[in-house]
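Please consult the sequence and the three-dimensional model shown here.

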Amino acid sequence: MKKTITVFGKPTLDSGRRNFLKMSGVGAMVAGLALVGCNDDFDDVNTGIFDLGMGDVGVLNYAYALEQLEADFYTKVVNSFYTNASTAEKTVLTDIYHHEVIHRDFFKAALSGVTSQVLPKLEFQYPNVNFSDRTSVLATAKALEDTGVAAYNAAGKFITNPDYLVIAGKIVSVEARHASAIRDMINPGTAAFSGDDVIDANGLDVAKDPKDVVAAAGAFFKTPFTWKERGIG
């Protein structure tokens, strides 16, 4: 039997099995990372705006910000599906929602295990998204997933702890599956799932530096933050 859970104050349906896997999976991953210390000297006392920080902590907070955005977006999608969404589309979008919630909760738990400087819960806005319209929702999902994959691809070079790098590699592979699924929903039966705009001539996913990612996704973030180590803010 399905039950209602709450995600950032938004109720949605979740199965007991998935909820159990979500929580146990987060706990298992955090157990392997919580003993690794990080530099948490990054309070922005001049502006009062949260700075993501230095080193690995900064990268984890950066990933946490992006996963908060994706989880928030898909929470809105699955709580009120767009008009005429098919059963297959609902299934795919709900699975993506569950994955993004797992990713978001993992980064929060991982950061809480090593530092007191954890990015707070952010607020988001979607001024140009019509959540009742399939084209609008899927176009936004495509942009978020493509940007997320590119963000992980570029951020990997900033990670020094191999345990974090392994986890990031596993998460970005799931994000790439999301991107492919969304692209196939938009253009089924075509090569769009691995289009030239996201796969380069060497057969590799594109990478976008943090500045470019924040520029691309910044309109969605209602809560401001900085990452001075990477020239943001």
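The model is predicted: local features require pLDDT of at least 70, side-chain atom pairs count only at pLDDT 80 or more, and totals for chains, interfaces and linings use all residues. Residues are numbered from 1 along each chain as its sequence is written, and side-chain values use heavy atoms, with hydrogens and water left out.

The chain contains six helices and two strands. These elements are DSSP runs numbered from the N terminus, with helices being H or I runs of at least four residues and strands being E runs of at least two. Read from the N terminus, their order is β-β-α-α-α-α-α-α. Of the 233 residues of the chain, 45% count as buried, where buried means under 20% relative accessible area, exposed means over 50%, and partly exposed lies in between (1.4 Å probe, protein chains only).

The packing of the helices may be taken pair by pair. The axes of helix 2 and helix 3 come within 8 Å and cross at roughly 150°. Helix 2 is therefore roughly antiparallel to helix 3. Here axes are lines fitted to C-alpha atoms, for helices over the stretch in contact, and angles run from 0 to 180 degrees between N-to-C directions. Angles under 35 degrees count as roughly parallel, over 145 as roughly antiparallel, 65 to 115 as roughly perpendicular, and the rest as oblique. The crossing of helix 2 and helix 3 is left-handed, a term for a near helix turned anticlockwise from the far one by less than a right angle, with clockwise giving right-handed. The contact of helix 2 with helix 3 comprises 14 nonpolar, five polar and five charged residues. In this classification Ala, Val, Leu, Ile, Met, Phe, Trp, Tyr, Cys and Pro count as nonpolar, Asp, Glu, Lys and Arg as charged, and the others, Gly among them, as polar.

Helix 2 also meets helix 4, their axes coming within 11 Å and crossing at roughly 165°. Helix 2 and helix 4 are therefore roughly antiparallel to each other, and their crossing is left-handed. For helix 3 and helix 5, the axes come within 11 Å and cross at roughly 160°. That makes helix 3 roughly antiparallel to helix 5, and helix 3 passes helix 5 in a left-handed crossing.

The next topic is the space left within the fold. On a 1 Å grid over the protein atoms alone, a cavity is a set of points where a 1.4 Å probe fits but cannot get out, and a pocket is an open set with protein on both sides within 12 Å along at least five of seven lines; lining residues have an atom within 4 Å of a point. Grid points are joined across faces, edges and corners, and a volume is the space filled by probe spheres set on the points.

The structure holds one cavity of 30 Å³ or more, and the largest cavity has a volume of about 70 Å³. Which residues line the largest cavity? They are Leu 66, Glu 67, Leu 69, Glu 70, Leu 144, Thr 147, Gly 148, Tyr 152 and Ala 217. Helix 2 (55-79) and helix 4 (134-155) each supply at least two residues of this lining, which by class has five nonpolar, two polar and two charged residues.

The second largest pocket has a volume of about 200 Å³. Its lining has 20 residues, of which Val 59, Tyr 152, Ala 155, Ile 159 and Ala 168 lie nearest its centre. Helix 2, helix 3, helix 4 and helix 5 (162-186) are the elements that give two or more residues to this lining, and helix 5 gives the most, with six. By class, the lining of the second largest pocket has 17 nonpolar, three polar and no charged residues.

Individual residues complete the account. Ala 63 belongs to helix 2 and counts as buried because its relative accessibility is 6%. Ala 63 and Arg 104 are 41 residues apart in sequence and 8.5 Å apart in space, C-alpha to C-alpha.

The loop between helix 2 and helix 3 (87-114) includes Asn 84. Phi of Asn 84 is near 65°, a positive value in a residue other than glycine. Is Asn 84 buried or exposed? Asn 84 counts as exposed because its relative accessibility is 72%. Ala 85 is found in the loop between helix 2 and helix 3, and Ala 85 is buried, with a relative accessible area of 14%. Ala 85 and Arg 134 are 49 residues apart in sequence, yet 7.4 Å apart in space, C-alpha to C-alpha.
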